[in-house]
Amino acid sequence: MSKLIPCGLLAVAVSSALVAQEGNKPMAGGWSAKPGSGLKYDGGDAFSLDLVNRLQVHWTYTGNENGPDVNTFNIRRARTTFSGHVFNKDIHYKLQMDWVDQGPAGDGAIKEGHVQWNFANSDDGTVGLRVGQGKTMFGLEATGTSGGLWFVERSSASRAFSDSYSRGAWINGVVVDHKLRYSVGAMNTDVAGGLGGAAATATGYTDRGEETANSDNELSYVLTVNFDPLGDFFDGKQTTESRRQGDWRTDDRSLKGTVGAGVAFGNGRTATAVGGAIQDIESTSINVNTEWTVARFSVLAEYFMRTDDQQGPIADKEEPTGWAVSAGYLFDKSGDSSMQWGVGLRVNSVENDVGNNATVDFLTGMQGIGAVPGNATEVTAVLNAFYHAHQCKTQLEYTYQNVDPDGAASSSGNSIIRIGFQIEF
């Protein structure tokens with residue numbers, strides 16, 4: 001309830017301001033609405049607003065071989081997004097509220113809240129400075145919108161090594177005829193969504209969570225690059241954030257794709273004392289990614305490697321790795337119907353190396369393995385019913401997960417069934 005009050009007041013305030021007149025003159029432009037795209041207000045060069053809501057409902061059944069089964073419903077995401085430009089078309093804003101934020105304890109309703117000033121514009125591309133809270137820009141699938149996932153959830157590798165938000169400043173650019181995109185950023189927290197807190201691990205990791213302040217005088221940094229060798233893959237967008245998976249082109253079914261890489265340097269600390277003192281953790285994360293579409297087929301692949309190096313008198317090092325490869329096919333519409341079917345298959349693996357002294361704990365959120373050293377491999381199949389593309393869809397997904405802990409119980413096979421429904425309005 002505490003989230004609903006300020007967010008509701010904000011929505012009323014914004015709506016009231018837009019319908020009001022400026023002096024005795026009505027504002028230029030006007031309102032428009034489109035199913036799946038929400039409300040839009042065009043105020044000319046001085047102002048615009050897009051207001052969109054996203055609701056995702058999941059049902060999950062997990063059959064654990066070495067543990068109790070779980071059968072549950074949840075509201076995975078319920079988000080309201082305000083975005084547009086203000087004063088002129090080079091100043092962009094985005095404010096996204098999450099009514100069911102599932103981040104670390106202490107995170108509030110704000111998922112994204114940032115302003116970007118595009119200080120360089122040409123026919124060749126755009127470069128801008130962003131400040132505020134948003135995606136770390138690390139990892140291709142994680143940076144793309146959650147409203148455009150081909151599977152019910154992102155891969156476990158993506159969620160462990162990337163898939164996080166932070167507060168900071170980024171330079172975002174697209175150049176070379178909109179074929180080369182890059183981001184350079186300095187942030188409070190780390191890029192990895194799989195980092196665990198003190199309650200989940202032996203020591204925990206402090207610099208995690210989208211609304212967390214930096215714990216010392218060392219920030220974390222990220223650099224990512226994507227190149228589209230056969231022409232613009234992201235429809236002229238400045239970043240990869242709006243990418244929706246699958247080949248939805250109707251007038252061009254030729255081969256098109258992107259290849260990318262990213263490196264992130266994390267500067268964190270243990271959440272609890274090790275050897276009588278809090279220890280610094282220096283991290284390096286590397287990501288290599290690619291995505292291709294042709295004739296309704298789509299392929300997405302990513303590889304992650306990471307090093308967490310604990311400094312101080314009790315040194316420790318962890319070196320986890322992960323990868324994911326997925327393929328999908330979108331069937332054509334039948335007659336005048338908006339309905340389209342889609343199928344997909346994904347293989348994904350994560351190896352969790354806890355380190356020599358088991359003090360630098362990392363992948364605590366990996367279902368079936370947690371903070372125990374070892375590896376987990378998943379094979380996932382999905383059937384998608386796209387009623388109105390990604391904006392209204394139902395997804396049925398089955399995952400077989402093989403978990404192989406090091407020096408613990410024998411490997412086990414878990415079955416995970418998910419049904420996801422999404423609507424945007």
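1. A salt bridge is counted here when a side-chain nitrogen of Lys or Arg lies within 4 Å of a carboxyl oxygen of Asp or Glu. Asp252 is partly exposed at 26% relative accessible area, while Arg249 is buried at 17%. Buried stands for under 20% relative accessible area, exposed for over 50%, and partly exposed for what lies in between (1.4 Å probe, protein chains only).

2. The model is predicted: local features need pLDDT of at least 70, side-chain atom pairs count only at pLDDT 80 or more, and totals for chains, interfaces and linings use all residues. Residues are numbered from 1 along each chain as its sequence is written, and side-chain values use heavy atoms, with hydrogens and water left out.

3. The structure holds 21 salt bridges. In one of them the side chains of Arg54 and Glu424 meet at 2.9 Å, N to O. Arg54 belongs to strand β3 (residues 48-63) and Glu424 to strand β19 (residues 412-424), so this contact ties together parts that are 370 residues apart in sequence. Both Arg54 and Glu424 are buried. With Arg244 they are linked in a network of salt bridges. Helices (H or I, at least four residues) and strands (E, at least two) are DSSP runs, numbered from the N terminus.

4. A further salt bridge joins Asp163 to Arg154, with 3.3 Å between the closest N and O atoms. Asp163 is partly exposed, at 23% relative accessible area, whereas Arg154 is buried at 4%.

5. Strand β16 (residues 340-352) pairs with β15 (residues 321-330) in the antiparallel sense through 10 bridges; two strands pair if DSSP finds at least two bridges between them. Thr321 has Glu351 of β16 as its bridge partner. β16 also runs antiparallel to β17 (residues 374-386), with 13 bridges. Asn348 stands opposite Glu378 in β17.

6. On a 1 Å grid over the protein atoms alone, a cavity is a set of points where a 1.4 Å probe fits but cannot get out, and a pocket is an open set with protein on both sides within 12 Å along at least five of seven lines; lining residues have an atom within 4 Å of a point. Grid points are joined across faces, edges and corners, and a volume is the space filled by probe spheres set on the points. By this rule there are eight cavities of 30 Å³ or more.

7. The largest cavity has a volume of about 150 Å³. Its lining consists of 18 residues, and Met137, Ser183, Thr224, Asn226 and Thr240 lie nearest its centre. Elements giving two or more residues to this lining are α2 (140-143), β9 (180-187), β10 (220-227), β11 (256-269) and β12 (280-294). By class, the lining has five nonpolar, 12 polar and one charged residues. Ala, Val, Leu, Ile, Met, Phe, Trp, Tyr, Cys and Pro count as nonpolar, Asp, Glu, Lys and Arg as charged, and the others, Gly among them, as polar.

8. The second largest pocket has a volume of about 260 Å³. Among its 16 lining residues, Lys333, Ser338, Tyr387, His388 and Ala389 are the closest to its centre. The lining divides into six nonpolar, six polar and four charged residues.

9. Ala389 has a positive phi, near 55°, in a residue other than glycine. Ala389 sits in the loop between β17 and β18 (392-405) and is partly exposed at 24% relative accessibility.
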